[in-house]
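Hi,

Here is the structure I promised to pass on.

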Amino acid sequence: MKRHAWMVLVLGMGLAAPGCILTSGQIQIDFALPNFSGNSLTGIEHTTIDLNTEKEYQDNKEKLKDLSDLAVLGKFTNSSTNPVNVEVWMTTDPSTHLDEASLMADPTKVKLWGPFQVAGNTTKTIDWNVSAQLFTTAGKAALLSEAKGPGDGTFTLYAVGPAGLPYNFSVSNGALVLVIDVGI
Amino acid sequence: MKRLLLLTLFAWLLASGAAQAGPVGVSVGVFGGLSVPVLQDVTTSSFSPSDAFGATGSTWGLRFPIHAISSITFEPYYAKSRYKDREETIGGVAYTREGFDGKSYGVNFILGHPEGGLFHMYPYLGIGKTKLERTGQEINKTGYNFGLGVGLFSSQKMAVGVRGELSMVATGDTSRKFVGATAGITYRLTP
């Protein structure tokens, strides 16, 4: 029995050693987004995110292994009578595009999230679970690249409606939520 | 997956091999209890030690202890778990993130016999496959269990015990971890 106790102890110590998968966790980081709007006639707005300004990210950047869970949250208001499918795009380099056409011409653009449908003349608060499903594979990869490298942690987000169709919406109380896998 | 099947097969082979040398004790048991996520989806800026543990979930399942050799009991198991939703206010709006639903199966390697009498203790290690699912997220990876069981009651056919366990689902270089406390009852099919 003594020999068994030593085996368990040694195994336990090995698993608890720094760098082991046991000494890890999932840390949630919320980025508040400014209110922004998208209008097919007057243009789109953007917000540039610098992960390096977030203390939780700074503290865990070197230990970051993966992105575990993602969500875009907020209240979406459709000011048009027609339903709108909102998509969130990012440019991996900071940018200041003022309309959808110039965003789509940007070689660093990646569709991050969506579409999220909002009926005409309504405000809809997105459900976290629904939002988590709307991230694209390419978007997750681009975000992970920004968070973990080789990206520099700075990128720009845009919300746009469907190409070629009229739209007029705004987003308030917005947030980008990242859950990162970190070694401890 | 292949590795797990091989391990289970290996356990069965050992059990059947030993059966030729002596009687094999086979039992069937049910268990249920609590399971709590550890260090999952925490916010470090406002972190306090109690935040290391998420909302309590429940777990239940079946175990099949096979005592074939003197020092080790092989215990194939199947377990289900359900974790509570998490509510959080972000940007002034209240949101709910669904908790995981879990399913796992595998085999525990118990040092000694799990069906001893009052305060009979037995450590164990386990390996299996664990699937954790919630909307927009699925983890289907190898899981590991480490625990300690304590017997509470044992008769010729029945045994009752409790277990404390750390379960870990390996996700690449990191893991999702859960601590659990379960109570179980076992019925001996063969002596």
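The largest nonpolar core has 46 residues, and L70(A), L73(A), V88(A) and I180(A) touch the most other members. By such a core I mean buried Ala, Val, Leu, Ile, Met, Phe, Trp, Tyr and Cys residues joined through C-beta atoms within 7 Å; buried means that 20 or more other C-beta atoms lie within 10 Å of a residue's own, with C-beta atoms placed from the backbone. β10(A) gives this core its largest share, eight residues. A second, separate core of nine residues includes A68(B), I72(B), Y122(B) and Y124(B).

Please keep in mind that this is a predicted model: local features need pLDDT of at least 70, side-chain atom pairs count only at pLDDT 80 or more, and totals for chains, interfaces and linings use all residues. Residues are numbered from 1 along each chain as its sequence is written, while chains are lettered from A and ligands numbered from 1 in the order in which they are written.

Now the two chains together: 33 residues of chain A are in contact with 27 of chain B (contact: C-beta atoms, placed from the backbone, within 7 Å). β10(A) again supplies the largest share of the side of chain A that touches chain B, eight residues.

As for confidence, the model scores ipTM 0.80 and pTM 0.82.

Cheers

Methods
Helices (H or I, at least four residues) and strands (E, at least two) are DSSP runs, numbered from the N terminus. A residue is buried if 20 or more other C-beta atoms lie within 10 Å of its own, exposed if 12 or fewer, and partly exposed in between; C-beta atoms are placed from the backbone.
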